[in-house]
Amino acid sequence: MKDFPAPKHPLMTLLDRQMVEACDVTAMAEFLLPMTETPESIREYAGRIGFAFEGYDDDSRELYVIPEVRRFVRTLTRVFPYWFHFCNKVDESLFVVMACLLPIASSSKSAGEVTSHFEAGNLSSVIHKLFTAVNGLYAHHGLTNEENDLMTSQVSSYMNTYMNG
């Protein structure tokens with residue numbers, strides 16, 4: 001993504017298949033939630049989180065259509081809905097989160113390429129829920145309108161670039 005630089009100190013997290021299939025979000029919640037405790041930690045970890053799902057390299061499906069990945073992300077998001085603030089905006093991490101939260105209407109495979117279609121009308125609901133969570137976090141910890149505007153701008157730019165190809 002050319003609109004903003006990669007984080008200076010990215011935090012890449014490996015989510016192993018066993019944890020995902022067990023839908024055990026405990027370790028991730030224990031890693032992520034302390035980042036939300038103070039204004040300083042919120043600022044320090046802004047845009048730094050990325051993740052990779054380990055053990056799915058041989059699976060031809062996109063991560064966001066794998067039922068276990070979808071369930072894991074949805075469960076983790078109930079505990080930690082602050083992705084717009086903490087996810088980096090340079091790789092597909094935030095896209096995978098959002099795609100996992102959207103209902104899939106259909107998937108098709110043509111010439112070795114899988115295409116998924118999301119149910120119409122749900123993207124705005126997901127965006128609203130994630131922005132509401134971050135706005136509440138900012139308000140609770142006294143982050144400024146300027147900080148909120150910057151985060152909103154970054155998320156908007158990311159979605160325009162990543163969601164539209």
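Biologist: Does threonine 13 count as buried or exposed?

Modeller: Threonine 13 counts as buried, because its relative accessibility is 11% (buried is under 20% relative accessible area, exposed over 50%, with a 1.4 Å probe on protein chains only). The model is predicted, so local features need pLDDT of at least 70 and side-chain atom pairs 80 or more, whereas totals for chains, interfaces and linings use all residues. Residues are numbered from 1 along each chain, and side-chain values use heavy atoms, without hydrogens or water.

Threonine 13 lies in strand S1, residues 11–16 (a DSSP run of E, at least two residues; helices are H or I, at least four). Beyond its neighbours within four places in sequence, it is in contact (heavy atoms within 4.5 Å) with Met28, Phe31, Gly50, Phe51 and Ala52.

Phe51 leads onward, as tryptophan 83 is also in contact with it. Outside four places in sequence, the contacts of tryptophan 83 include Leu32, Leu76, Thr77, Leu94, Val97 and Leu130. Leu94 and Val97 are among the buried residues of H6. Helix H6, residues 93–101, is largely enclosed by the rest of the structure, because nine of its nine residues are buried.

The axes of H6 and helix H4, residues 67–79, come within 9 Å and cross at roughly 95° (lines fitted to C-alpha atoms over the stretch in contact, with angles from 0 to 180 degrees between N-to-C directions). H4 is therefore roughly perpendicular to H6 (65 to 115 degrees). Val69, Arg70, Val73, Arg74 and Thr77 of H4 make the contact with Val97, Ala99, Cys100 and Leu101 of H6.

Conventions:
Angles under 35 degrees count as roughly parallel, over 145 as roughly antiparallel, 65 to 115 as roughly perpendicular and the rest as oblique.
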